[in-house]
Amino acid sequence: MIPFSPPRIDDKIINEVADALRSGWITTGPKTKLFEKKIANYCSVSNVLAVNSWTTGAELLLYWFGIKEGDEVIVPVYTYCATANIVIHRGAKVIMVDMNSDFGIDVSKIEKFITSKTKAIIPVDVGGLPIQFDELKEIVNKPSVKAKFNPQSENQEKLGRIMILSDAAHSFGATYNGLKVGSEVDFTVFSFHAVKNLTTAEGGAICINLPKPFDNAEIYKQLNTLSLHGQNKDALAKTQKGSWEYDVIDAGFKCNMTDILSSIGLVEFDRYESETLPFRKRIFKEYTELLSNYTWAIIPHYVDQKRESSYHLYLLRIKDITLAQRNLIIQEIFNQDVSVNVHYKPLPLLSFYKELGYKLDDYPMAESTWECEISLPVYYSLSTEQIEEVVSAVVFAIEKIKNNV
Ligand SMILES: *Cc1c(COP(=O)(O)O)cnc(C)c1O
């Protein structure tokens, strides 16, 4: 069976984890701080906070910005549930916007959803391709849009406009305007979950990139404190002689990254540019070469003048098939011992959101994309022969199902 995206666990990883365990320092400590510095340098930002997942990190930011009941947050309709669930956790309202043909939020549709209640926008770099950040930033900075903004917390007052929090769960290492993503908007949050390009088993990181008058080093300290129950001294600081005394300045979260997991991240980071990205790029190219021979294939877009994907998900679309056919095709591919996936079931189809009244009919692009999408396996050791096997399984399945109807 060809798996979909197994993690790369080898002796390097195992030895580094053993090293963390033997050091006796297993929670947040020197390895996590080093991991943060490496990411900050890679992403051209001054400060990065490592956290225990994308979800907790991003929710912490909504809390920091003072988002609460009565507020609205704009998210794409085509994403993983985490993007919207964190808005629900804060008691705010999820405003869904349709997608474009690159799988990102349709930036041209955003402005008409902005009201005086809008506090944040969370775009998603689906599959690893950065969204149109320049166009999105232009919208939140428009005088007419800023005039609508109704600040209700100190940080909202200071920013003076809608906050942009990029869901970069897929796009670590992707490029935008020649830089690795992380410094385009106010906050960029990565996920290091087991299936992501760079994994720590579970984990995430926040790139802090607020404009003046914010002091990003100061914000790092605030967020670090908020990630540790609002306690003003972390475990490392408390190891100093005689420094037991602490205070709690906010009812914060508990979402710090551990050194055991950062040790996996450090190994993954060191081979990311030299191995992970080139391997994944080669796999995308080979799929594209083989699939371009078929008129039914809609090849995913992963590079242009401004952007280059991190090659996270190979999002294939099949022309002229129904939802029922797509599902039969997937079954047939699995019968050939190849694992595939669907990214995504749009949010309005999930019971929780359906019951809140969201309807897929309102998002025609998401509806037509989801009906014909199949994601192919991409992982470090997928060989050329296996890529050919995957494509043969896909071709066989499509021809069989299409000819049957
Ligand atoms: C994986 C994923 C998340 C959640 O990441 P966690 O680290 O598991 O919390 C959020 N958004 C998208 C688009 C994802 O794919």
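**Strands, helices and a ligand site**

Reader: Which residue stands opposite T175 in strand 7?

Author: In strand 7, K180 is the residue that stands opposite T175; helices (H or I, at least four residues) and strands (E, at least two) are DSSP runs, numbered from the N terminus. This is a predicted model, in which local features need pLDDT of at least 70 and side-chain atom pairs count only at pLDDT 80 or more, while totals for chains, interfaces and linings use all residues. Residues are numbered from 1 along each chain as its sequence is written, and side-chain values use heavy atoms, with hydrogens and water left out.

Reader: Where is T175 placed, and what does T175 touch?

Author: T175 is in strand 6, and, leaving aside residues up to four places away in sequence, T175 touches P130, K180, K306, R307 and E308, where contact means heavy atoms within 4.5 Å. T175 counts as buried because its relative accessibility is 17%, and buried means under 20% relative accessible area, exposed over 50%, partly exposed in between (1.4 Å probe, protein chains only).

Reader: How many bridges join strand 6 to strand 7, and in what order do the strands of that sheet come?

Author: Strand 6 (residues 175-176) is joined to strand 7 by two bridges, and the two run antiparallel; strands pair if DSSP finds at least two bridges between them. The open sheet has three strands in the order 7-6-11, with antiparallel pairing. Its edge strands, each pairing on one side only, are strand 7 (179-180) and strand 11 (307-308).

Reader: Changing topic, which residues come nearest to the ligand?

Author: There are 16 residues around the ligand, and T55, D167, H170, S191 and K196 come nearest; a residue is near a molecule if one of its heavy atoms lies within 4 Å of it.

Reader: And how far is a polar side-chain atom of D167 from a nitrogen atom of the ligand?

Author: That distance is 2.8 Å, and a polar contact is a pair of N or O atoms within 3.5 Å (within protein, one must be able to donate a hydrogen and the other to accept it, and residues adjacent in sequence count only if both atoms are side-chain atoms). A polar backbone atom of W54 is 2.9 Å from an oxygen atom of the ligand, and an N or O atom in the side chain of S191 is 2.7 Å from an oxygen atom of the ligand. Taken alone, the ligand exposes 380 Å², of which the protein buries 92%, with accessible areas from the Shrake-Rupley method with a 1.4 Å probe.

Reader: What about I162, is that residue buried or exposed?

Author: I162 is buried, since its relative accessible area is 2%, and its place is in the loop between helix 7 (154-159) and strand 5 (163-167). Although T118 is 44 residues away along the chain, the C-alpha atoms of I162 and T118 are separated by 6.8 Å. Among the residues that I162 touches are T118, A120 and V140.

Reader: What does strand 4 pair with, then?

Author: Strand 4 (residues 118-121) pairs with strand 2 (residues 72-76) in the parallel sense over three bridges, with E72 opposite T118. Strand 4 also pairs with strand 5, in the parallel sense over two bridges, and there M163 is the bridge partner of A120.

Reader: Last one: what do the buried residues of helix 8 pack against?

Author: They pack against helix 2 (30-42), strand 1 (47-51), helix 3 (54-64), strand 8 (187-191) and strand 9 (204-208). The buried residues in helix 8 (residues 216-226) include I219, Y220 and L223. At the start of helix 8, a side-chain oxygen of D215 comes to within 3.1 Å of the backbone nitrogen of A217.
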